[in-house]
Each structure stands twice: as structure tokens, then as C-alpha cells.
Amino acid sequence: MSTADTAVRPPSVRTVPSQAVVALPRPGSPAAPAAGRAGAGPGPVGPAVREAVRRGAAPLVSLLAVVCLWQLAWALEWSATLPAPAAVAGEITTAWADGSLAPALLHSLGRCLLGFVCAVAIGAPLGLLLHRFTLARLTTAPALSAVQSLPAAALVPVAVLCLGPSDSAVLGVVLLGAVPSVAVGVLGALDQVPPLLVRAGRTMGATGARSVRYVLLPAALPGVVAAVRQGWTFGWRALMTAELISGTALTGVGLLDAGRRSGSLSQVLAATALILAVGVAVEVLAFRPVERRVLRSRGLA
């Protein structure tokens, strides 16, 4: 080897024989050692089950703590009218056994679902309209905020007097409770879209309806999902208020409030527990997975 060749080659570079190069398999490849996957479980079902248990453990512990405190308060006779948890559970079991609970839940869920779909179909375009047109926003947004601040109990007499004691009155209460919430929520989500995104879309030809479809709605989707979820919550609360105090002979969870008229606190608490259970179930099983997926697609969860 000449002196020139020695000067060209850096002194820190060493040649490794090809026999010494070992290709290590990736952990997820089929060639990975079996010992490295021994503690990973039978497959993707194991982590999914553990994640579901981890997420459901905290609510179950909270529910158990509430029941234990309730049982303690009943055992110590802190209130002369407070029933035991077993008595409330017995009311629910009796309603299920005599066949009145399932139809009541289905009727209430059907009414709320119909009102929710109508509220989204009205409130979401209304929020977009208020975002796009300043004059409509100045004249309509304050009225929506005022109606949203009204309790549902104040809307029930108006709906009953205008529409009579019927399903239409209950649906009107649900709409009055959910439409303002959806519209105001969608308006807030669209207002939080950075103007830079809108200008960038405009330079690439996204104007008018194309700007709404390809820029505004995708950018505001997490806020829109939150607004829709809030609309369901307001609608469910308004429906329960209408069924409980409207005085109509409508089938629904409100009929379980017969204990209010008979003075049975256990029946009242049973109706309250069912209303809470349905609301939490819809939140956990329907809206939370959708919201988590939307946030995860944007790197926010």
C-alpha cells in the first residue's frame, strides 16, 4: 500500500468482516425469539382486555364507594326516609320482571334519539351559518345563548300549552334543549380554526363550499364532536324533565317517577339511577370512543 493510499483512508475507519455482521430480527417479526414474546400474551386481545379493565376499574370503584357510603348512611339511620340500596335495586328488578322497564327505556331512548338527530340536523348547519355570516351571528347568537341558559323545567309548560300533552311537546322540549347547545358548540369550534389554515386553503383553490368541506370541518372536527356530545346530554336531560313533570300519560322512564306521587323514595331513586345509568352508558359506549379516535388521529390523545 502506498503512502498516498494511507493518507486518503481515515485512520478511524476499521473494516468489519462480513461474517461478523448479524441481522437482529425486529420484535414484531416472525423470526423474533419465542422467549421475547412469552410475556406479551396470546396476541392483541390481551392488551385490549387489560386496557378495558384499566379504564373500567376507576368508575366501578367510584360506584362501589358511593354504594358503601349509602349503605352506611342507611345503617346508621342518618335519614328516616332514606331507603337501603337493596330496596332501590328491588324496585328496578320488579319493574324489569313485570315487563314495564324495557318498554319504558326503549320509548325514552327512541324519543331522545329522534330529537337528537333533528337537533344535529338543525344545530350544526345553524352554527356554520352563524360562523359564515356576521349579521346572522349578531342577531341570532344571543338568542341561542339565552335559550341555552334556560332550565328544561321552564320549557315544559310552554311546550305543553303550545303542542298539548303529546309526544310533540316532549320532542319540542328536546329540540329547545339540544339545538342551541349544538349550534353554539359548532360555532365555537369553527371560531377556533386558525385563520392561517383558511387562507392556505384559499390559495390552493378551496373557496366557498370546498373551504367548508376540506378546511373548516376537518380542522374543527374535535370541537364538533364535543358539541354533538353536549347536544345529546342536553337533549337527554330535557327529555327526562319533560317526562317527569309534564303530567302526560306517555310511556317512558318518567313513568317510573310514580313514587313521587305515592311518596315512595325508593321508586324515585330507582328512576334517578336508571336515568344516570343510561346517560353514562351512551357517553361511554358511543361518544367517548368516537372522540378518542378523532383526537388520536390528530395526535392529541
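Here are some worked exercises on the predicted model shown above.

The model is predicted, with residues numbered from 1 along each chain as its sequence is written. Local features need pLDDT of at least 70 and side-chain atom pairs count only at pLDDT 80 or more, while totals for chains, interfaces and linings use all residues, and side-chain values use heavy atoms, with hydrogens and water left out.

**Exercise 1. Describe the secondary structure and surface of the chain.**

Step 1. Start with the elements: the chain has 12 helices and zero strands. Helices here are DSSP runs of H or I with at least four residues, strands are runs of E with at least two, and numbering starts from the N terminus.

Step 2. Turn to burial, where buried means under 20% relative accessible area, exposed over 50%, and partly exposed in between (1.4 Å probe, protein chains only). Of the 301 residues, 30% count as buried.

Step 3. Now take the surface. The accessible area of the chain is about 18700 Å², and 69% of it belongs to carbon and sulfur atoms; the areas come from the Shrake-Rupley method with a 1.4 Å probe, and for residues only the protein chains shown count as cover.

Step 4. Finish with contacts, meaning heavy atoms within 4.5 Å. Among those between residues at least 6 apart in sequence, 71% join residues at least 24 apart.

**Exercise 2. Work out how helices H10 and H12 pack.**

Step 1. Find the geometry: H10 (residues 221-245) and H12 (residues 265-297) pack at an angle of about 170°, with axes 10 Å apart. Axes are lines fitted to C-alpha atoms, for helices over the stretch in contact, and angles run from 0 to 180 degrees between N-to-C directions.

Step 2. Name the arrangement: that angle makes H10 roughly antiparallel to H12. The classes are under 35 degrees for roughly parallel, over 145 for roughly antiparallel, 65 to 115 for roughly perpendicular, and oblique for the rest.

Step 3. Look at who meets whom. Residues of H10 including Trp-232, Trp-236 and Met-240 meet residues of H12, among them Val-282, Phe-287 and Val-290.

Step 4. Sort the contact residues: 16 are nonpolar, one is polar and three are charged. In this scheme Ala, Val, Leu, Ile, Met, Phe, Trp, Tyr, Cys and Pro count as nonpolar, Asp, Glu, Lys and Arg as charged, and the others, Gly among them, as polar.

**Exercise 3. Trace the salt bridges.**

Step 1. Set the rule: a salt bridge is a side-chain nitrogen of Lys or Arg within 4 Å of a carboxyl oxygen of Asp or Glu. The count comes to three.

Step 2. Begin with Glu-283 and Arg-229, whose side chains meet at 3.2 Å, N to O. This pair joins H12 to H10 across 54 residues.

Step 3. Together, Arg-229, Glu-283 and Glu-291 are linked in a network of salt bridges.

Step 4. Check burial: Glu-283 is buried at 19% and Glu-291 is buried at 18%, whereas Arg-229 is partly exposed at 23%.

Step 5. Close with Asp-191 and Arg-137, whose closest N and O atoms are 2.5 Å apart. Asp-191 lies in H7 (residues 167-191) and Arg-137 in H5 (residues 134-149). Asp-191 is partly exposed at 34%, and Arg-137 is partly exposed at 29%.
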